[in-house]
Amino acid sequence: MNRNDFKNLLSRRVLVLDGAYGTEFFKMGLGDLPGEILNLKHPDAVYSLQKSYVESGSDILLTNTFSANSRKLKALGYETEMEKINIKAVEIARKASNSNTLVFGDISSTGEFPVPAGLSDFDECVAIYRDQARVLAGAGVDGFIVETMSDIKELKAALLGIREITQELPLIVHMTFDETARSVTGTPPEAFAALFNDLDCDVIGINCSLGPEQTLEIIRKISPYTTKHLSVEPNAGKPVFDGITLTYKETPEDFALFAEDFINSGCSIIGGCCGTTPDHIKLLSHFAHRVKPSIRPEKVPQIVTSRTSWAEIDPFLIIGERINPAGRQRFQKSIYEGDFKTALEEAKSQQRQHAQVLDINLGIEKLVPPEQFVNIINELDRNASLPLSLDIQTPSLMELAARNGSGRMILNSARVTEKNLPRRIGMLKKYGGMLVLLAMGKEIPETPEGRFNKIMEGIALCESEGISRDRILADPLVMSFGAGKDPAVTLETIRLLTEEGIKTTCGLSNLSFGMPDRSYLNGSFLVKAVDRGLKSAIMNPGDDFVMNSLHGALSLDGHQMTHPDMEVSENELVRFLLEGNSEKLLEAVKTYETDNDPVYISQNILGGAMEEIGILYGEGKIYLPHLLLASETSAPVFEYLNSQMTGSVISKGKILLATVEGDVHDIGKRIIGTVLKTGGFEVFDLGKDVSSRTILEEAREIKPDIIGLSAMMTTTVSRVQEVTTAIHSAGLSPMIICGGASMTKELAGKFGADGYAPNASTVVELCLELLKKQTGQEKSGLDNK
């Protein structure tokens, strides 16, 4: 089915997806094999399940290929079978479908996030997805769905990989969010919706992690920021697994009652994720097919986004100008060498001064190695920066930066010429975002009317290529007052564009270049420009006069800009940790050396700051990028303190981590490891798919205080009991804790574990309590002697 036919179908009727696969295979007694391998080993079981979904009313059947990409299959030991598994999956789905059923190729995470949230190269991720899409498209799928994605950059890689294979087939993209309405890597639903509203997909939505009630709340956050059809696959509530039987709390009747709410919130596709059965889909289909899909909006509010934040254009967008080495030779040299310390300091200081976007200008571009344009984007992303404006003039370098970004950026800028503007339009269509359109072609028009006409000429070209005018920020060109240029020309151009409904921006500091009293000139001009409708400026947010002038001008127009509180803590050390500034952190720590020994500083002062980081993460005030950055920033300072100690290094305890045998999920455990390091523990991570024998051998060698076991899959949770039995039978005495999507407190107790961590925010407190308990027991034993 081509994309236009698919979208027309979604406008006429609600389509029903199928339900869960993994939990149903488990019920069949096939939990010992990865689901995708069943395509080869037990194709009749796959056919039977898919046939039951079709008979229950599913309009779209997904291929059994959720983890059938080469990287995931390599971890499972089936890499060489990738093509065979995917082709067989399409064959089975076709056999199970009827003449009206659409078969969509199902694709999900590679198991390793791209840099900077993970270690994977972005282009390698694109290639992995391209390879799987090639096989599925060749086997004859009707479209694709990419689902259960936790990292927005990996989802972007999947989309690009699929679109390198086909631009004709429909594409649905899903992220997954937790109870905090954020993805694991910190992305809010609004940022996801805005970016993928631009990108080349047909439907966006969410699945997994949450039941229908919580999922509905997130759909309602997504809906206002996209014109596209929405899709949803909630879980059937929370799982209950007693070690033998797996059940979910949401009955088919309760699950289906949400159908109309989802449709009224914009969903044209509804299905089920974990725990949903053919009975859930049958009743869902009964309700969903009786309701007409809601009409999607033609326009949505324009926002710019990063991985973790977003900013609206209205009433005014402050774009910080100071990541620019012009006239700063040391800064230019550091960029050339890949040292982004100054750039990151400027990013954080402008964020504290209430910039909403950061303009990125790397100076003389021919002097900067191309890889540094990628590296600075990743470094800013790793530091959980604000949305970005790419002030890059070389098209190939701007494309490198745009390709590797995690957010909806501003491309700054384009001239209205035959070569310049079409290249920027191509980038907008491929990578999303907004465009700064200059009021000039090869020359700058002298009159307001000339500049206005040039902008409208550029907008007409954009609209002919599918880029709507609300994605344009027109730059009327602020010229140097000291060079004799009349600012009235710029002001009148702003007025003309505002009357036409075009949003405007400008490079404010150009006005006062080479002049004394720059703040007063800039602030006075800004007031006049805002009065004529200016919506944004690239400016210095650290200039108090200019910022106060802006707030005054907006207030007189009845607008009030609100700025979120950027300080999540009053602790100076916490601020340095979140800024990634290890040098200032070390300087601050050294001030405590006069009155405190290194052990006390490490455990109570720096350790206390790291504990606060963990608490902030648990409270949802910071996100995974902040957590990873703080952990990395603290490492050299802890090393310094360790070097000052006499005797052995002191930690709160040794913890051995492992994902149990048969389970290749690693991301959650690694987050746990980072949180524990942040909390002052010494962590030894054995990786994923680790046998009980290996865990026992390493426990004998390392002598940990606590062993932490991760089991994400219902098919592998029983391995926890296998490990606890081996540890206790060997006469070892570490405490054992466990967690993972399929684990519960009751099950942990049944398997002989000493504790259960439902998420990363609870693990430090759990470990401290267990160690305290262990210490008390040892003391009691000594007293009894």
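A charge is said to sit over a ring if NZ of Lys or CZ of Arg is within 6 Å of the ring centre and within 35 degrees of the ring normal. Select Lys95 and Tyr47 to see such a case, in which the charged end of Lys95 sits over the Tyr47 ring, 5.0 Å from its centre. Then move to Lys590, which lies over the face of Tyr640 at 5.1 Å from the ring centre.

Before going on, note that this is a predicted model, in which local features need pLDDT of at least 70 and side-chain atom pairs count only at pLDDT 80 or more, while totals for chains, interfaces and linings use all residues. Residues are numbered from 1 along each chain as its sequence is written, and side-chain values use heavy atoms, with hydrogens and water left out.

Next come the aromatic pairs, of which a search of the whole structure finds 8; rings of Phe, Tyr and Trp (its six-membered ring) pair if their centres lie within 6.5 Å, and planes under 30 degrees apart count as stacked, over 60 as edge-to-face and the rest as tilted. Select Phe6 and Phe104, whose ring centres are 5.4 Å apart with the planes at 40°, so this pair is tilted. Phe6 belongs to helix 1 (residues 3–12) and Phe104 to strand 3 (residues 102–107), so the pair ties together parts that are 98 residues apart in sequence; helices (H or I, at least four residues) and strands (E, at least two) are DSSP runs, numbered from the N terminus. Phe6 is buried, with a relative accessible area of 0%, where buried means under 20%, exposed over 50% and partly exposed in between (1.4 Å probe, protein chains only). Phe104 also counts as buried, at 0% relative accessibility.

Now select Tyr225 and Trp310, an edge-to-face pair with 5.5 Å from centre to centre and 65° between the planes. Tyr225 lies in the loop between helix 10 (212–222) and strand 7 (229–233), and Trp310 in strand 12 (residues 310–312), so the pair ties together parts that are 85 residues apart in sequence. Tyr225 counts as buried at 11% relative accessibility, whereas Trp310, at 31%, counts as partly exposed. For a cluster linked by ring pairs, select Tyr21, Phe25 and Tyr53.

The last stop is Val717, in the loop between strand 22 (706–710) and helix 29 (718–729). Val717 counts as buried, at 0% relative accessibility. Not counting residues up to four places away in sequence, Val717 touches Phe241, Ala711, Ser742, Met743, Leu747 and Phe751, contact meaning heavy atoms within 4.5 Å.
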